[in-house]
Amino acid sequence: LIRGGMIVDGTGAPPRPAEVAIAGDTIVEVGGDHVAAKKLLDATGLIVSPGFIDIHSHTDHMLLANPLAESKLLQGVTCEVGGNCGSSAAPLNEEQAREAGNDLRPHGLEVSWRDTGEFLSVLETAGIGLNFATLVGHGNLRGGVIGYEARAARPEELGDMQRRAAKSLQEGAFGISAGLIYPPGCFADAKELAAVCAAAQGRGFFAVHMRD
C-alpha cells in the first residue's frame with residue numbers, strides 16, 4: 001500500500017490524496033481503506049503517478065548495453081518508443097547489422113537479429129527494466145533495398161519496402177517513422193512515403209522528422 005501521497009493519474013484531474021493498493025505487479029485500487037496491507041510505503045510529501053512514456057527515444061539496440069535502463073527509470077520513464085527519425089534497430093541487412101555491431105561490440109555484445117520480431121525477442125531474453133515499443137524506420141527499409149543512392153525508388157523496390165514494412169508491423173512494430181533530413185530518407189519522394197505507409201493498412205502511426 002502506498003499511503004500519504006498526492007495522486008496525479010494522467011486524466012487531467014487535479015492532484016488528490018489517495019491510497020494506492022498493489023497486489024503482485026498490478027495496481028488493484030486507487031482509494032479505499034486497506035488496513036490489512038502487508039507492506040506500507042510512506043509517500044508523504046510526494047507525488048504518486050503512472051510511469052511516463054518517452055514517445056521519442058533513440059535508445060534502440062543500445063538498450064542491450066544497459067538492459068535495466070536506470071537512467072530512464074530514475075526519471076519515472078517506464079515505457080520507451082524507439083525507432084524514430086527513420087532509424088530503427090530492425091530490420092537490418094548485413095551492412096546495417098555491421099554498423100549496429102560497431103556500437104555494441106565495446107560492450108561485449110554482437111548483433112544476433114535481422115528482423116523486428118527477432119530484435120524484440122532479444123530484448124525479452126535480456127530482461128529489460130522498462131517497456132519498449134518500436135517503430136520501423138523508413139531509412140532501414142530504403143537502405144536495405146536501395147542503399148544510399150540519391151534517386152527515386154523503382155516500382156519493384158517500392159514493393160520490396162512495402163513487404164518489409166508489413167512484416168515488421170506483423171512482428172510487433174507500432175508504426176513507421178521517417179527521417180526526411182537524413183540519408184537515405186531525404187532521397188524519398190511523397191509517392192514512396194505514401195506507398196510505405198500504405199503497407200501499414202491503417203495500423204499504428206507515422207512519425208516524421210520533416211525535411212526542415
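Salt bridges came up first: I counted 13 of them by the rule that a side-chain nitrogen of Lys or Arg lies within 4 Å of a carboxyl oxygen of Asp or Glu. The model is predicted, so to speak for itself: local features need pLDDT of at least 70, side-chain atom pairs count only at pLDDT 80 or more, and totals for chains, interfaces and linings use all residues. Residues are numbered from 1 along each chain as its sequence is written, and side-chain values use heavy atoms, with hydrogens and water left out.

I looked up Lys167 next. Its side chain meets that of Asp115 in a salt bridge, 2.9 Å from N to O. Lys167 sits in helix α5 (155–170) and Asp115 in the loop between α2 (94–104) and α3 (116–126), so the pair ties together parts 52 residues apart in sequence. Helices here are DSSP runs of H or I, at least four residues, and strands are runs of E, at least two, numbered from the N terminus.

How exposed are the two? Lys167 is partly exposed at 37% relative accessibility, while Asp115 is buried at 18% (buried is under 20%, exposed over 50%, partly exposed in between, with a 1.4 Å probe and protein chains only). Lys167 also pairs with Glu171, at 2.5 Å from N to O, and Glu171 is partly exposed at 25%.

Then I checked Glu149, partly exposed at 41%. Salt bridges with shared partners join Glu149, Arg151, Arg154 and Glu157 into one network.

Last entry: Thr134, in strand β10 (131–134), is buried at 4%. Beyond neighbours within four places in sequence, I found Thr134 in contact (heavy atoms within 4.5 Å) with residues including Gly82, Ser88, Leu120 and Phe174.
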